[in-house]
Amino acid sequence: GAMRAWLNQFDPLKQVYNRLYSLSQTWHKTDKIEMIVLWGTRDFYPTEYKEEFIKGLYDACNTFDDLKIEDKKEKTDRKYAFNIINEKEIQYSSSLEEAIKANETATHRIIGLTIETRPEFVNDENCQSRRKMWVTRIEMGVQSTDNAILDLNQRGHHIEEVRKALHKLRQYAFKFSIHIMPGLYGSTVAKDIQTWSSVYSDPFLKPEDIKFYPTSVIPWTVL
């Protein structure tokens with residue numbers, strides 16, 4: 001996914017075109033799409049950019065069948081490389097709302113849309129904005145349920161903020177996944193096991209699923 005973004009200059013339209021093209025070349029059906037946008041904490045980005053990016057995802061799905069493609073895989077080492085011959089002729093929606101409405105009856109429909117965020121950015125304003133974009137699922141970084149470990153690793157939140165955030169997501173009927181990171185600075189095997197236990201024993205947590213991120217220690221970082 002990261003390589004596809006880089007190859008397409010992080011253009012949402014071209015990234016989705018590229019993905020749909022590669023899937024079609026391997027005989028996958030793309031009539032129902034779960035779109036997962038992994039861009040870190042989405043709420044740090046400007047509002048206009050966020051809306052334009054999401055609009056691009058819908059526009060790409062709505063217009064994929066209109067593309068005239070020149071296959072370039074014989075001329076390059078990029079497996080699914082291609083050129084769009086009629087790029088300037090494609091008609092896109094004039095607004096995000098129009099793109100979403102068009103997608104309801106499109107051949108390639110987005111039936112689930114996931115974004116990433118942090119606990120402190122889950123509030124009514126942001127939840128309403130996500131609903132406007134038809135976001136259906138949230139991935140949220142939690143890492144640990146031990147406040148001492150969260151402080152040592154400068155996470156910027158405690159488990160209390162996580163509970164409030166997940167409660168808010170439930171109020172707005174979002175599905176959600178949380179990220180857990182064993183092996184953090186200051187943790188132990190016993191503390192990591194306690195985190196795993198509390199994820200499902202704490203009534204405010206209990207996510208639909210978990211992403212498991214073992215801690216990576218990267219050169220030249222504080223950790």
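Predicted model: local features only at pLDDT ≥ 70, side-chain atom pairs only at ≥ 80, totals over all residues.
Helices here are DSSP runs of H or I at least four residues long, numbered from the N terminus. Keep that in mind for α7, which is followed by Ala173, a residue with a positive phi near 65 degrees.

Let's start with the overall picture. The protein has 8 helices and 7 strands, and its C-alpha trace spans about 55 × 40 × 30 Å along the principal axes. Of its 223 residues, 43% count as buried. If you take the contacts with a separation of 6 or more, 70% of them come from residues 24 or more positions apart.

Now for the inside. In soluble globular proteins, nonpolar side chains tend to be buried together. In this model, the largest nonpolar core has 44 residues, and Met35, Leu57 and Leu113 are the ones with the most contacts inside it. The largest share, 6 residues, comes from α3.

Leaving out residues up to four places away in sequence, Met35 touches Val16, Leu57, Cys61, Ile110, Gly112, Leu113 and Thr114. Asn103 counts as buried because its relative accessibility is 4%, and the cut-off for buried is under 20%.

Back to α7, as promised. This helix covers residues 159–171, 13 residues in total, and reaches 19 Å from its first C-alpha to its last, close to the 18 Å expected at 1.5 Å a residue. Which of its residues are buried? In α7 they are Ile159, Val162, Ala165, Leu166, Lys168 and Leu169, so a lysine is on that list too, going by the cut-off of under 20% relative accessible area. The cover over these buried residues includes α5 (124–132), β5 (137–143), α6 (147–152) and β6 (175–180).

Next, the open space. The largest pocket has a volume of about 710 Å³. Its lining is made of 25 residues, with Arg4, Gln15, Met35, Ile36 and Val37 lying nearest its centre. That brings us back to Met35, which is also among the residues with the most contacts inside the largest nonpolar core. Four elements, α1 (2–7), α2, β1 and α3, each supply at least two lining residues, and the largest share, 6 residues, comes from α2. By class, the pocket lining has 17 nonpolar, 3 polar and 5 charged residues.

Finally, what about enclosed space? A search of the whole structure turns up 1 cavity of 30 Å³ or more, and about 40 Å³ of space lies in the largest cavity. Gln143, Ser144, Ile149, Ile180, Met181, Pro182, Leu184, Ser187, Asp192 and Thr195 line the largest cavity. Those lining residues divide into 5 nonpolar, 4 polar and 1 charged.

How values were computed. Residues numbered from 1 in each chain as written. Heavy atoms only, no water. Expected span 1.5 Å × (residues − 1). Buried < 20%, exposed > 50% of the residue type's maximum accessible area, 1.4 Å probe, protein only. Contact = heavy atoms within 4.5 Å. 1 Å grid on protein atoms, 1.4 Å probe; cavity = no way out; pocket = protein on both sides within 12 Å on 5 of 7 lines; lining within 4 Å. Points joined across faces, edges and corners; volume = space filled by probe spheres on them. Nonpolar A, V, L, I, M, F, W, Y, C, P; charged D, E, K, R; others polar. Core = buried A, V, L, I, M, F, W, Y, C linked by side-chain atoms within 4.5 Å.
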